[in-house]
Amino acid sequence: MKPITDRQIDFMGQRKLAFIVSGVLLLIAIGALFLQQLNLGLDFTGGTLIEVRYGSAPSLDAIRQLLEENGFRDVAVQTFGASTEVLIRLQQAFDPNVGEQVVSLLRDQGANVDLIRAEFVGAQVGDQLRDQSGTGMMVALGVVMLYVAFRFQYKFAIGALLALLHDVIIVVGVFSLFQLDFDLTVLAAILAVIGYSLNDTIVVYDRIREAIRTSQIDDMPQIFNEAINATLSRTLATSGTTLLVLLALLFLGGDMIENFAIALLVGVLVGTFSSIYISGALLLPLKLSREDLIPARKEADEEEEELP
């Protein structure tokens with residue numbers, strides 16, 4: 001069996017290329033957010049929800065096209081539970097008769113359809129959800145930073161926070177770039193991405209910390225390489241099995257959780273990349289050293305014990 005130094009991948013040697021790739025992705029994501037902004041879902045903007053039940057599974061594209069041709073705007077159509085139950089979202093002011101109007105249009109096309117409910121989600125509720133969700137995300141990032149600083153060292157906390165921001169911005173940027181519906185399920189997926197990415201980063205950081213303390217060399221890039229390679233199989237195995245589940249959710253879970261699955265898929269891929277290439281590499285410009293992890297007082301006490 002070859003020693004790790006003979007078979008390790010030089011991740012730190014590729015850190016400039018990794019930073020370039022990350023920089024390009026971040027520029028695209030931030031540019032999309034500024035130019036196109038997010039396509040906020042009904043949870044945030046307010047509007048009308050209409051649930052109908054068909055006798056047999058309908059064509060969602062045909063329903064969407066019919067409603068748009070009849071003057072309804074910002075129409076989103078998706079299955080809700082069973083394939084015969086359809087949820088229609090209209091980002092417009094609520095009309096008490098809108099449910100019956102929609103059902104009448106569908107019945108005029110020969111469909112066997114019944115109205116289940118028609119509800120209004122107010123813009124004030126949407127504003128509240130947006131503000132509270134943004135605050136919740138900032139609090140989550142703040143708690144993460146404090147935890148990492150307490151468990152490791154403040155330079156680790158800065159590196160972890162930057163890596164998490166990197167992951168979140170890219171995921172949100174993807175939704176802005178492709179104008180995917182951004183609702184509460186996507187927000188929940190982003191919070192899950194934060195936890196997932198942090199878990200991988202903590203594992204890598206823990207191995208880096210131990211490697212620095214036990215290593216006899218001061219070459220930080222080499223120490224980081226050995227630590228990342230030691231955790232690589234675990235990281236790839238975890239990400240691989242998670243991606244299999246998310247792909248199943250994306251293709252078999254239905255329209256209700258499609259964007260949720262997409263957000264998690266992008267987040268896991270980007271989070272795995274950042275855990276391997278970015279989080280450790282960020283510690284180099286932050287000038288992490290052995291002295292940051294081994295208190296000077298402890299070293300002084302050891303020197304005094306060696307004196308006769």
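Predicted model: local features only at pLDDT ≥ 70, side-chain atom pairs only at ≥ 80, totals over all residues.
Phe 152 sits in the loop between α6 (123-151) and α7 (154-177), whereas Tyr 205 belongs to helix α8 (residues 184-214), so their pairing ties together parts that are 53 residues apart in sequence. The ring centres of Phe 152 and Tyr 205 are 6.4 Å apart and the planes stand at 75 degrees, so the pair is edge-to-face. Another edge-to-face pair is formed by Phe 175 and Phe 182, with 6.2 Å from centre to centre and 90 degrees between the planes. Phe 175 is buried, at 0% relative accessibility, and Phe 182 is likewise buried, at 7%. Elsewhere, ring pairs join Phe 11, Phe 273 and Tyr 277 into a cluster, and the count of aromatic pairs comes to six.

At the start of α7, a side-chain oxygen of Gln 153 comes to within 2.8 Å of the backbone nitrogen of Lys 155, while just after the helix Gln 179 adopts a positive phi of about 55 degrees.

In helix α8 one finds Ser 197, which is buried at 1% relative accessibility. Beyond its neighbours within four places in sequence, Ser 197 is in contact with Leu 164, Asp 167, Gly 271, Ser 274 and Ser 275.

Charged side chains come next. Side chains of opposite charge can pair when their charged atoms come close, and a search of the whole structure finds ten salt bridges. One of them joins Glu 85 to Arg 53, with the closest N and O atoms 3.3 Å apart; because Glu 85 lies in strand β4 (residues 82-90) and Arg 53 in strand β2 (residues 47-54), the pair ties together parts that are 32 residues apart in sequence. Glu 85 is buried, at 18% relative accessibility, but Arg 53 is partly exposed, at 38%.

Helix α8 also holds Asp 206 and Arg 209, three residues apart, about one turn of the helix, and their side chains meet in a salt bridge at 2.6 Å, N to O. Asp 206 is partly exposed, with a relative accessible area of 25%, whereas Arg 209 is buried, at 11%. Glu 210 and Arg 213 in α8 are also three residues apart, and form a salt bridge at 3.8 Å, N to O. Salt bridges that share partners join Asp 206, Arg 209, Glu 210 and Arg 213 into one network.

Note on methods
Residues numbered from 1 in each chain as written. Heavy atoms only, no water. Phe/Tyr/Trp six-rings, centres within 6.5 Å; stacked < 30°, edge-to-face > 60°. Helix = DSSP H or I, 4+ residues; strand = E, 2+ residues; numbered from the N terminus. Buried < 20%, exposed > 50% of the residue type's maximum accessible area, 1.4 Å probe, protein only. Polar contact = N/O pair within 3.5 Å; in protein donor to acceptor, adjacent residues only side chain to side chain. Contact = heavy atoms within 4.5 Å. Salt bridge = Lys/Arg side-chain N within 4 Å of Asp/Glu carboxyl O.
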